[in-house]
Amino acid sequence: MKIGMICYASVGGSGVVATELAHAMALRGHEVHLISSELPFRWRPIRGLSFERVQAPDYPLFREPQYLLGLANTLVRVAHERGLDILHAHYAVPHATAAYLAHQILAASDPAQAPRTVTTLHGTDITLVGSDPSYAGVVGFSIEESHGVTAVSESLRDDTVRSLGIKRDIRVIANFLDCDDFRRQPNSSIRDHWCAGGWDSLVVHISNFRPVKQVGQVLDIFARIRQQVAAKLVLIGDGPDRSALEHRAAAEGFGESVEFVGEQLDLVSWLSAADLLLLPSAQESFGMAALEAMACEVPVVASRVGGLPELVEDGVTGFLCAPGDVDGMAARSVAVLTDEALRARIGQAACLRARTSFCSGVVVPRYEAYYEEVLEAGRRGLLYSG
Ligand code: GMT
């Protein structure tokens with residue numbers, strides 16, 4: 001198959017999943033063109049995978065960004081030049097709309113040659129942005145008109161039906177990771193470096209520091225943890241809330257027990273040195289950071305929201321508390337950090353869960369089969385209409 005994979009390049013779960021899927025599809029022998037405004041941060045070159053930059057020139061006439069037009073135009077060009085079979089839009093806003101436009105433009109001259117469109121819903125494209133009344137009509141239409149639609153969790157599929165009134169079938173295909181890469185590889189240099197101040201435990205948080213991640217609650221939980229455990233907190237990632245939180249951590253006297261280390265490429269080394277991951281998000285349609293931690297045997301303490309219960313079984317493969325329950329999350333964290341047997345049991349069960357259901361070898365064939373289904377439905381449609 002020839003596939004155009006459309007995603008945001010900025011650090012975020014949808015870009016990670018799209019890049020990993022593009023990579024995995026190329027490894028399986030498909031021709032894949034990753035289409036984005038910049039090289040996505042998880043990009044690695046591989047045979048069969050190419051990068052196409054979205055051309056959206058900056059004219060002084062416009063004060064408004066013209067990303068949708070530039071993207072649709074790029075999709076038409078790439079689909080035409082490469083003879084794409086599938087345009088796969090990751091994150092509905094505005095990628096599903098751009099794919100719809102590109103399909104319409106290409107089908108106007110040759111319906112048989114126009115690629116079929118697939119949209120993968122990731123989370124905030126529905127729960128925060130897409131269902132906002134200023135976007136909902138166009139987003140809902142673009143989802144209904146996609147030839148195939150997937151959601152990364154059952155919870156997100158239900159949210160999409162509820163908030164946008166979507167009637168069409170939405171296939172749930174969970175997120176995945178490369179289980180050969182994401183496995184615990186004990187890293188004494190990172191651990192020794194970060195625990196050098198006499199800390200017994202290493203707690204981590206990984207996110208893009210947006211309000212929905214509630215990173216302030218990570219500090220609230222950690223303040224309670226450190227009353228009982230000599231723990232260090234490392235916050236990995238970057239985003240709009242980071243600088244205010246750094247000021248807050250300094251003002252509240254966390255001192256060297258809390259460090260912000262920004263974006264990190266080598267998450268496996270960090271996770272391999274960690275004892276616990278905190279994820280107190282207000283909403284999380286899937287929770288890639290939780291899956292990455294689980295694959296590295298790191299117990300997760302998270303909020304019971306969105307798709308997290310589909311990933312984390314409370315008390316078995318991690319712990320879930322009501323969103324905002326910082327006392328509950330702190331109590332579970334202290335239990336994990338002070339009871340080595342519990343930590344090992346949860347970490348191993350989490351790893352088994354990740355390896356059984358969320359490795360690329362399990363999930364990627366489901367996308368491949370779905371592409372085939374969508375292409376077959378298109379062939380049948382052309383046959384009947386012709
Ligand atoms: O909202 C974000 O944190 C970014 C967003 C994205 O698309 O990059 O993340 C969403 O998609 C991820 C990949 O499918 C999921 O793992 C995240 O749970 C989801 N975020 C939220 O629902 C808040």
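**Pockets and ligand surroundings in the predicted model**

The lining of the largest pocket comprises 15 nonpolar, 17 polar and six charged residues. In this classification, Ala, Val, Leu, Ile, Met, Phe, Trp, Tyr, Cys and Pro count as nonpolar, Asp, Glu, Lys and Arg as charged, and the others, Gly among them, as polar. The model is predicted, so local features need pLDDT of at least 70 and side-chain atom pairs count only at pLDDT 80 or more, while totals for chains, interfaces and linings use all residues. Residues are numbered from 1 along each chain as its sequence is written, and side-chain values use heavy atoms, with hydrogens and water left out.

The largest pocket holds about 790 Å³ of space, a volume being the space filled by probe spheres set on grid points that are joined across faces, edges and corners. A pocket is an open set of points on a 1 Å grid over the protein atoms alone, where a 1.4 Å probe fits, with protein on both sides within 12 Å along at least five of seven lines; its lining residues have an atom within 4 Å of a point. For the largest pocket the lining numbers 38 residues, and Gly 12, Gly 13, Ser 14, Asn 208 and Lys 213 lie nearest the centre. At least two lining residues come from each of α1 (13-27), α4 (124-127) and α11 (288-295), with α1 supplying the largest share, four residues. Helices are DSSP runs (H or I, at least four residues), as are strands (E, at least two), and both are numbered from the N terminus.

Polar contacts (pairs of N or O atoms within 3.5 Å) include one of 2.8 Å between a ligand oxygen atom and a polar backbone atom of Gly 13. A polar backbone atom of Ser 285 also lies 2.8 Å from an oxygen atom of the ligand, and an N or O atom in the side chain of Thr 124 is 3.5 Å from a ligand oxygen. Of the 470 Å² of accessible area that the ligand has on its own, the protein covers 96% (Shrake-Rupley method, 1.4 Å probe).

The second largest pocket contains about 280 Å³ of space. Its lining consists of 16 residues, with Ala 112, Ala 114, Arg 116, Leu 375 and Leu 382 nearest the centre. Two or more of these residues are given by each of α3 (92-109) and α15 (360-385); α15 gives the most, four.

Two backbone features were also noted. The peptide bond from Val 93 to Pro 94 is cis, with omega near -15°, and Pro 94 is placed in helix α3. Phe 209, a residue other than glycine, has a positive phi near 50° and lies in the loop between β8 (201-206) and α8 (215-225).

Key. A polar contact is a pair of N or O atoms within 3.5 Å; within protein, one must be able to donate a hydrogen and the other to accept it, and residues adjacent in sequence count only if both atoms are side-chain atoms.
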